[in-house]
Amino acid sequence: MFDILPTELVEEILLYSSVKDIHSVFSAFNKKYSSLSDYFWKQVCLKEDFTQAYITQEWSECFQSGMNKKLGYYVHLQDVPAGILEHVYLRTLIIRDIIEWKNKYIIYYVTDDNKFITIKEITSNNGILFKDEFIIVQNDDNVSIYKYNCSSEVNNYEHYKTLPEKINDIFGICTQYCAAYNHNKKVFSLYKFCDGTTQTVPLPSDVKFLINKFFNPGKFAISFVSFNEGYRVRVFDISTCSWTLDLVCFSSTGITNDPNIWFGTNFIGCCDVSYRLRGIYFGPFKVWNNTGKLLLQIDIEPSQKNYLRCFFTEDNILLTTSDGVITIFDSDGNWTLQFYLGVTFSDIQLTSGHLFLVLTEGKETADIYDWSMCHNLYTIKLAKQRNKALCGDFLYCPINSENKTYEVIKFC
């Protein structure tokens with residue numbers, strides 16, 4: 001095949017093949033992934049949601065690491081650093097030191113030979129916040145922001161910006177700006193990194209009680225109890241400097257808890273969860289698209305545990321409709337797939353490559369599912385039962401939330 005057909009034609013044929021078929025073809029012909037163009041591998045990786053470990057990583061290497069997760073090539077890392085695991089991003093772990101100094105955070109990088117190396121230590125007495133690739137450190141008189149630098153093979157967190165004043169409630173950040181809320185003045189502040197200016201946005205006048213704040217690059221949202229009509233979600237578009245969406249979650253405020261809100265790039269979801277003597281009751285689950293169109297409204301059965309999990313991808317809505325069933329809807333809110341886990345889960349984490357990590361309740365295992373195919377790929381045996389997980393794109397970390405111990409699983 002490779003010796004007979006032109007490379008361009010081979011790439012065109014393989015683009016319409018599954019990743020497992022592509023992997024099988026290269027194995028059968030004993031070819032290296034580098035025999036095809038980096039542009040081809042980039043198209044495959046983007047389609048399969050495979051993530052680069054660093055910016056300069058070849059896309060063929062990215063494909064290989066993505067396939068390692070799908071095929072179950074992983075190792076349990078030994079000599080895990082002591083402390084409380086706070087954050088996982090790509091190949092770094094952030095551990096809060098509980099032995100020497102409770103306010104010290106140590107950042108470890110996992111090398112190719114599966115060693116933990118210390119790349120930075122940060123100390124803060126005023127609070128620290130982790131948001132994806134950013135670390136936000138509250139100092140006495142300002143805010144220091146660190147950003148993950150993945151331009152080399154040994155990644156690090158480097159100083160990115162310093163805000164010239166103390167800000168107490170930063171709730172969102174991206175490479176262009178960060179968003180904060182001032183409770184006393186009742187205004188939102190957008191701090192622009194490019195020119196150091198600040199844009200203020202007043203809290204809407206019909207907000208009786210501000211409940212929560214959400215952020216995505218290009219927009220932020222608030223959930224609140226309104227003076228006029230029930231529990232609402234409102235979205236602010238940063239590019240147009242205007243409130244664009246006003247969604248009524250519940251027309252009555254007679255709910256027993258603050259509803260769960262999910263704020264994605266293309267979808268917004270909400271559902272009330274009420275804890276009562278006879279069990280846990282769920283209000284109607286609703287999803288809107290980013291133009292405010294109601295796509296989905298379904299009722300969810302009561303239960304004895306809060307099994308409700310919701311995940312948004314670019315084109316899909318994934319919802320746990322019981323403690324062992326995941327239902328998938330398309331971007332129009334239409335039912336497309338449903339698959340049964342066959343177990344009761346204690347935690348579910350969505351990761352890159354169309355994969356779920358599922359921790360099984362009462363068992364020392366973690367199951368890896370490909371949700372796009374409704375298929376259980378393999379099971380990872382854990383050292384102990386875990387009830388929570390933090391997941392990067394290359395490191396999965398099951399945790400026991402009671403005694404704070406954790407394991408590290410690296411895909412290689």
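Colleague: Which residues does F356 contact, leaving aside its neighbours within four places in sequence?

Modeller: Contact means heavy atoms within 4.5 Å. By that rule F356 is in contact with F311, L318, I326, F339, I348, Q349, L350, D367, I368, Y369 and W371. This is a predicted model: local features need pLDDT of at least 70, side-chain atom pairs count only at pLDDT 80 or more, and totals for chains, interfaces and linings use all residues. Residues are numbered from 1 along each chain as its sequence is written, and side-chain values use heavy atoms, without hydrogens and water.

Colleague: What makes a nonpolar core?

Modeller: Buried Ala, Val, Leu, Ile, Met, Phe, Trp, Tyr and Cys residues, joined through side-chain atoms within 4.5 Å. Buried means under 20% relative accessible area, exposed over 50%, partly exposed in between (1.4 Å probe, protein chains only). The largest core has 30 residues, and F285 and F356 touch the most other members.

Colleague: Why does this core lie between domain 1 and domain 2?

Modeller: Because domain 1 (204-338) and domain 2 (341-411) both give residues to it. The bounds come from an automatic or database domain assignment.

Colleague: Why is C45 called buried?

Modeller: Its relative accessibility is 0%, so C45 counts as buried.
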